[in-house]
Amino acid sequence: MGGTFDPIHHGHLVAASEAAALLDLDEVVFVPTGKPTFKQDTRVSSAEDRYLMTVIATASNPRFTVSRVDIDRPGLTYTVDTLRDLRTARPDADLYFITGADAIEQILTWKDADELWRKAHFVAVTRPGHPLTVEGLPRDGVTTLEVPALAISSTDCRRRAAAGQPVWYLVPDGVVQYIAKHGLYRGLDE
Ligand SMILES: Nc1ncnc2c1ncn2[C@@H]1O[C@H](COP(=O)(O)OP(=O)(O)OP(=O)(O)O)[C@@H](O)[C@H]1O
Ligand SMILES: O=C(O)c1ccc[n+]([C@@H]2O[C@H](COP(=O)([O-])O)[C@@H](O)[C@H]2O)c1
């Protein structure tokens, strides 16, 4: 599952857990973006902060791991590169790329979109506020999954943290503490 994870929240974790259970996946690899291509005009926390929050959030689940491939690759982050690097690390794996309804809606605008279907099977999960449509995408390339609806976004978590409002129970406890300890999102003006 790729994401900017600024910060990672329970919507991400539930989607990943549900996809793993329904598709019988051995492992879910969370891949924080290095430089997200569609967020170049947005202030994004450092890759190391986002990576560490993702590690903290996933540490207790033996099936969840975190990959640095996108963080360690220079330049903008493109999924075609993510999938190439994950394939190199796991030559025999069946790769599934988990995305929310908002992300899958834009997938045809991603770099080398026509190549993506050969590199992984896409799993499009439901997300409150975003109709899930896979029209125009290769039928055998995408599976749609209904997951428990959590109306949580990283944008809302950042705004809350910036305004001194609670993010408890929207993000894992360790992530609440990480945000406070490092003063993330202070002075954010969005
Ligand atoms: N509440 C949610 N339910 C299901 N999927 C989600 C949810 N939140 C995010 N996702 C999916 O997780 C992936 C990574 O999301 P991302 O890190 O951009 O979080 P976000 O909450 O969308 O962030 P932002 O508000 O900053 O855009 C995307 O595919 C996104 O669609
Ligand atoms: O490959 C692309 O062109 C591309 C464009 C936008 C987003 N993505 C990927 O989609 C995932 C979610 O991205 P984001 O920006 O919504 O956090 C993440 O893994 C990104 O690398 C990929």
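View 1. The model is predicted. Along the principal axes, the C-alpha atoms fill a box of roughly 45 × 35 × 35 Å. Of the 190 residues, 35% count as buried. Take the contacts with a separation of 6 or more: residues 24 or more positions apart account for 68% of them.

**View 2. Three strands form an open sheet in the order 6-7-8.** The pairing is parallel. Strand 6 (96-100) and strand 8 (142-145) are the edge strands. Each of these pairs on one side only. From one strand to the next, the twist averages 25°.

**View 3. Strand 7 meets strand 8.** Strand 7 covers residues 121-125. Strands 7 and 8 pair in the parallel sense over 4 bridges. Look for Phe122: it stands opposite Val142 in strand 8.

**View 4. Helix 1 packs on the sheet.** This helix spans residues 10-23. It touches strand 6, strand 7 and strand 8. The direction of helix 1 makes about 135° with that of strand 6.

**View 5. Ligand 2 has 15 residues around it.** Gly2, Thr4, Tyr78, Thr79 and Trp110 come nearest. Strand 1 (2-3) and helix 4 (79-89) each supply at least two residues of the shell. By class, the shell around ligand 2 has 6 nonpolar, 7 polar and 2 charged residues.

Methods. Residues are numbered from 1 along each chain as its sequence is written. Chains are lettered from A and ligands numbered from 1 in the order in which they are written. This is a predicted model: local features need pLDDT of at least 70, side-chain atom pairs count only at pLDDT 80 or more; totals for chains, interfaces and linings use all residues. A residue is near a molecule or strand if its C-beta atom, placed from the backbone, lies within 6 Å of it. Ala, Val, Leu, Ile, Met, Phe, Trp, Tyr, Cys and Pro count as nonpolar, Asp, Glu, Lys and Arg as charged, and the others, Gly among them, as polar. A residue is buried if 20 or more other C-beta atoms lie within 10 Å of its own, exposed if 12 or fewer, and partly exposed in between; C-beta atoms are placed from the backbone. Two residues are in contact if their C-beta atoms, placed from the backbone, lie within 7 Å. Two strands pair if DSSP finds at least two bridges between them. Axes are lines fitted to C-alpha atoms, for helices over the stretch in contact, and angles run from 0 to 180 degrees between N-to-C directions.
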